[in-house]
Amino acid sequence: MLRSPGAESVEALHQLVLTSLDDDQAVETVSIPLAGKSSIADYMVVASGRSTRQVASMANKLAEKIKAEFGRSARIEGLPTADWVLIDAGDVIVHLFRPEVRSFYNLERMWAFGDAGTA
């Protein structure tokens with residue numbers, strides 16, 4: 001299988017996201033491959049934090065790591081309330097939730113099409 005020239009950087013970004021969330025003790029991290037299913041990104045990562053403070057902290061740290069490692073600024077939405085924070089890093093989209101908000105929206109089920117993989 002031929003890979004596009006940026007495939008290695010997509011995988012590196014995906015790994016950076018997963019490692020950062022693991023380091024910050026994210027709960028129930030799920031990675032959903034979107035390549036071939038959607039043009040918005042190659043991966044969607046969904047994770048929970050135990051509090052709004054933890055969700056905001058994970059989002060800020062992740063954005064800083066993406067900037068330091070890849071030289072690009074991730075767009076962040078939802079930081080003021082930090083119930084649901086969206087980090088758009090281009091090829092990887094990250095949703096960070098408080099557990100109650102995550103179970104309400106259940107994005108994994110909507111996007112996984114029956115084949116979500118756990119990171």
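Is Asp24 buried or exposed? I began with this residue in the predicted model, and I noted Asp24 as buried, because its relative accessibility is 14% and the cut-off for buried is under 20%.

**Entry on Lys61 and Asp24.** I then looked up the partner of Asp24 and found that its side chain meets that of Lys61 in a salt bridge, at 3.6 Å from N to O. Lys61 belongs to helix 2 (residues 52–70), whereas Asp24 sits in the loop between helix 1 (7–23) and strand 1 (27–33), so I recorded the pair as tying together parts that are 37 residues apart in sequence. For Lys61 I wrote down 36% relative accessibility, which counts as partly exposed.

**Entry on Asp83 and Arg98.** I next checked Asp83, whose side chain forms a salt bridge with that of Arg98 at 2.6 Å, N to O. This pair too links distant parts of the chain, 15 residues apart, with Asp83 in the loop between strand 3 (75–77) and strand 4 (84–88) and Arg98 in the loop between strand 5 (92–97) and helix 3 (99–105). I noted Asp83 as partly exposed, its relative accessible area being 27%.

**Entry on Arg102 and Glu108.** Here I found a salt bridge between the two side chains at 2.4 Å, N to O. I listed Arg102 as buried at 5% relative accessibility, and I listed Glu108 as buried also, with a relative accessible area of 15%. Turning to shared partners, I saw that salt bridges join Asp83, Arg98 and Glu100 into one network.

**Entry on the total.** My search of the whole structure gave five salt bridges.

Key:
Residues are numbered from 1 along each chain as its sequence is written. This is a predicted model: local features need pLDDT of at least 70, side-chain atom pairs count only at pLDDT 80 or more; totals for chains, interfaces and linings use all residues. Side-chain values use heavy atoms; hydrogens and water are left out. A salt bridge is a side-chain nitrogen of Lys or Arg within 4 Å of a carboxyl oxygen of Asp or Glu. Helices (H or I, at least four residues) and strands (E, at least two) are DSSP runs, numbered from the N terminus. Buried means under 20% relative accessible area, exposed over 50%, partly exposed in between (1.4 Å probe, protein chains only).
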